[in-house]
Amino acid sequence: MTRGRFITLEGGDGAGKTLQAARLSEALDARGMGTLLTREPGGSPGAEEIRHLLVSGSVERWEPLAEAMLHAAARRDHLLHTIEPALEQGLWVISDRFVDSMIVYQGYGQGADLDVLERISTLSLGGFEPDLTLVLDIPVADGLRRAEARAGSNRYERMGRDFHARVREGFLARARAEPGRFAVVDARADPETVGREILDIVAQRLPVPSDG
């Protein structure tokens with residue numbers, strides 16, 4: 001059986017990652033490609049328990065390096081119990097966030113040492129990485145406005161605007177440094193336009209059958 005592909009959607013809060021991950025999953029399913037939609041932090045029973053520790057409580061709840069380690073532990077469980085088994089079954093796995101969020105949020109955003117975060121990533125993933133990472137880019141003010149319109153908020157959405165500006169630049173910096181894996185999508189447009197652009201990029205980068 002042909003191994004599946006792993007696609008991640010990244011970006012700041014309010015960029016529309018959750019919606020577009022679901023739209024991409026539906027579009028690929030319509031082309032006869034089995035998919036699994038998942039998320040981080042979370043995506044497996046153990047990782048979902050850790051998620052609650054990460055997204056709830058006060059903004060100052062965790063020191064950045066400790067927070068990164070919690071993310072890495074959740075990601076390890078997610079990889080072993082959800083992602084790898086699905087890929088081995090030939091499914092295309094689409095994840096709303098993955099390791100780049102940890103490096104950007106805890107590194108660029110909160111100031112943890114980037115080299116240390118890269119080592120944590122290598123230790124937890126053993127060299128595993130996405131086949132394609134889509135960065136949904138949106139100006140900070142627009143993203144936060146969208147996030148605030150949703151019901152409830154998490155710790156990250158309550159962090160200051162300067163933090164979110166550093167997060168945006170962090171994602172763009174990673175995309176510039178690794179263009180073979182990353183593609184940047186302008187997330188300011190309506191969801192249908194963004195979804196079409198995402199599907200076009202996936203079709204260009206990975207072997208996706210047409211819908212006709």
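In which loop is proline 41 found? In this predicted model, proline 41 sits in the loop that runs between strand E2 (35-39) and helix H2 (45-55). The peptide bond joining glutamate 40 to proline 41 is cis, with an omega of about -15°. Most peptide bonds are trans, and most residues other than glycine have a negative phi.

A backbone feature of another kind occurs at arginine 97, which is not a glycine and yet has a positive phi of about 85°. Arginine 97 belongs to the loop between strand E3 (92-96) and helix H4 (99-109). Because its relative accessible area is 12%, under the 20% cut-off, arginine 97 counts as buried.

| Site | Backbone value | Loop |
|---|---|---|
| Arginine 97 | phi about 85° | between E3 (92-96) and H4 (99-109) |

The second largest pocket holds about 170 Å³ of space. Its lining consists of Val99, Ile103, Glu118, Ser121, Thr122, Leu125, Gly127, Phe128, Glu129, Arg174, Glu178 and Arg181. Two or more of these lining residues come from each of H4 and helix H5 (114-125). H5 gives the most to the lining of this pocket, with four residues. By class, the lining of the second largest pocket comprises five charged, four nonpolar and three polar residues.

Methods. Residues are numbered from 1 along each chain as its sequence is written. This is a predicted model: local features need pLDDT of at least 70, side-chain atom pairs count only at pLDDT 80 or more; totals for chains, interfaces and linings use all residues. Side-chain values use heavy atoms; hydrogens and water are left out. Buried means under 20% relative accessible area, exposed over 50%, partly exposed in between (1.4 Å probe, protein chains only). On a 1 Å grid over the protein atoms alone, a cavity is a set of points where a 1.4 Å probe fits but cannot get out, and a pocket is an open set with protein on both sides within 12 Å along at least five of seven lines; lining residues have an atom within 4 Å of a point. Grid points are joined across faces, edges and corners, and a volume is the space filled by probe spheres set on the points. Ala, Val, Leu, Ile, Met, Phe, Trp, Tyr, Cys and Pro count as nonpolar, Asp, Glu, Lys and Arg as charged, and the others, Gly among them, as polar.
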